[in-house]
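Here are my notes on the model, point by point. Please keep the structure open while you read.

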Amino acid sequence: MRDALVAAAFQLFLERGYEQTTVDDIVALAGVGRRSFFRYFPSKEDVVFPDHERCLAEMTAFLADSGDEDEPVQRVCDAVRIVLRMYTENPTFSVQRYRLTKKVPGLRAYELSVVWRYERAFADHLRGRLAGRPDGTLQADVIAAAVAAAHNNALRSWLRSDGQGDASAALDHALGYVQQAFTTPPAPADEEPEDVVVVVSRRRAPLWRVVQEIESALAQE
């Protein structure tokens with residue numbers, strides 16, 4: 001039923017235009033009543049974005065399932081790939097929606113509000129993970145905005161090409177700059193932590209004695 005309503009709505013949007021199509025027109029074409037429409041979609045705008053609530057829930061659950069071993073920036077970058085996959089799973093529908101939102105300012109504003117919810121989810125997750133760092137909240141908000149911008153750049157390039165090309169590769173390339181800027185690389189597994197050697201010597205001790213004391217200290221395990 002939900003898919004039938006979406007299909008009917010977009011058929012009419014393409015034929016008549018968004019503003020000229022009413023909810024009554026959609027339910028008539030789909031063969032259902034108004035009550036059925038509003039059971040699935042609170043408004044006509046929502047039928048244009050039928051998959052965002054599901055995607056947001058999936059992405060939020062993915063972030064909530066993070067463990068202490070998960071690097072925070074990498075985890076958010078992986079989460080935004082879930083959003084891109086929502087678009088690329090149905091290129092025809094995504095391109096049609098892109099063209100529609102370009103023509104209708106109200107839909108563009110609605111889409112921006114949806115994008116903001118994704119960014120807020122990234123920021124909320126990062127704020128929790130970076131809480132102990134100096135400027136942790138600021139870092140979280142900046143990283144979240146950067147991840148959202150990287151996604152939007154890759155997505156819009158793909159949509160402008162009518163869904164041609166490798167959107168995932170474009171996103172990986174954009175996210176590479178985010179990770180390079182904000183991810184602290186772990187030390188190699190085979191690299192031992194550096195030791196600091198402190199040698200206390202008399203102020204007027206001869207240089208050879210100081211060198212001898214340093215060599216002696218370095219020789220100790």
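1. Is Glu111 buried or exposed? The model is a predicted one. In it, Glu111 has a relative accessible area of 12%. The cut-off for buried is under 20%, so Glu111 counts as buried. This glutamate belongs to helix H8.

2. What does Glu111 touch, leaving out residues up to four places away in sequence? The partners are Phe49, Tyr87 and Thr101. Glu111 and Glu45 are 66 residues apart along the chain. Their C-alpha atoms are separated by 9.4 Å.

3. Asp51 sits in the loop between H4 and H5. Its relative accessibility is 13%, so Asp51 is buried too, under the 20% limit. Beyond its neighbours within four places in sequence, Asp51 contacts Arg2, Met86, Phe93 and Arg97.

4. Now the largest nonpolar core. It holds 37 residues. Which of them touch the most other members? They are Met59, Val83, Tyr118, Phe122, Leu126, Val147 and Leu175. Helices H5 (52-64), H6 (72-88), H7, H8, H9 and H10 each supply at least two residues of this core. H6 gives the most, with ten residues. In soluble globular proteins, nonpolar side chains tend to be buried together.

5. Set aside its neighbours within four places in sequence, and Val83 is in contact with Cys55, Met59, Tyr118 and His151.

6. Helix H1 spans residues 2-16. Directly after H1 comes Gly17, with a positive phi near 105°.

7. One set of H1 residues is buried: Leu5, Val6, Ala8, Ala9, Phe10, Leu12 and Phe13. What covers them? The cover includes helix H2 (23-30), helix H3 (34-40), helix H4 (44-48) and helix H7 (91-103).

8. On cysteines: a search of the whole structure finds zero disulfides. Cys55 is buried, at 1% relative accessible area. Cys77 is buried as well, at 0%.

9. Two backbone angles need a second look. Most residues other than glycine have a negative phi. Asp135 is not a glycine, yet its phi is positive, about 55°. Where is Asp135? It is found in the loop between helix H8 (105-129) and helix H9 (136-160). Its relative accessible area is 56%, so Asp135 is exposed, over the 50% cut-off.

10. Asp162 is the other case. Its phi is positive, near 60°, and it too is a residue other than glycine. Asp162 is placed in the loop between H9 and helix H10 (167-182). At 42% relative accessibility, Asp162 counts as partly exposed, because that value lies between the 20% and 50% limits.

Conventions. Residues are numbered from 1 along each chain as its sequence is written. This is a predicted model: local features need pLDDT of at least 70, side-chain atom pairs count only at pLDDT 80 or more; totals for chains, interfaces and linings use all residues. Side-chain values use heavy atoms; hydrogens and water are left out. Helices (H or I, at least four residues) and strands (E, at least two) are DSSP runs, numbered from the N terminus. The expected span of a helix is 1.5 Å times one less than its number of residues. Buried means under 20% relative accessible area, exposed over 50%, partly exposed in between (1.4 Å probe, protein chains only). Contact means heavy atoms within 4.5 Å. A disulfide is a pair of cysteine sulfur atoms within 2.5 Å. A nonpolar core is a set of buried Ala, Val, Leu, Ile, Met, Phe, Trp, Tyr and Cys residues joined through side-chain atoms within 4.5 Å.
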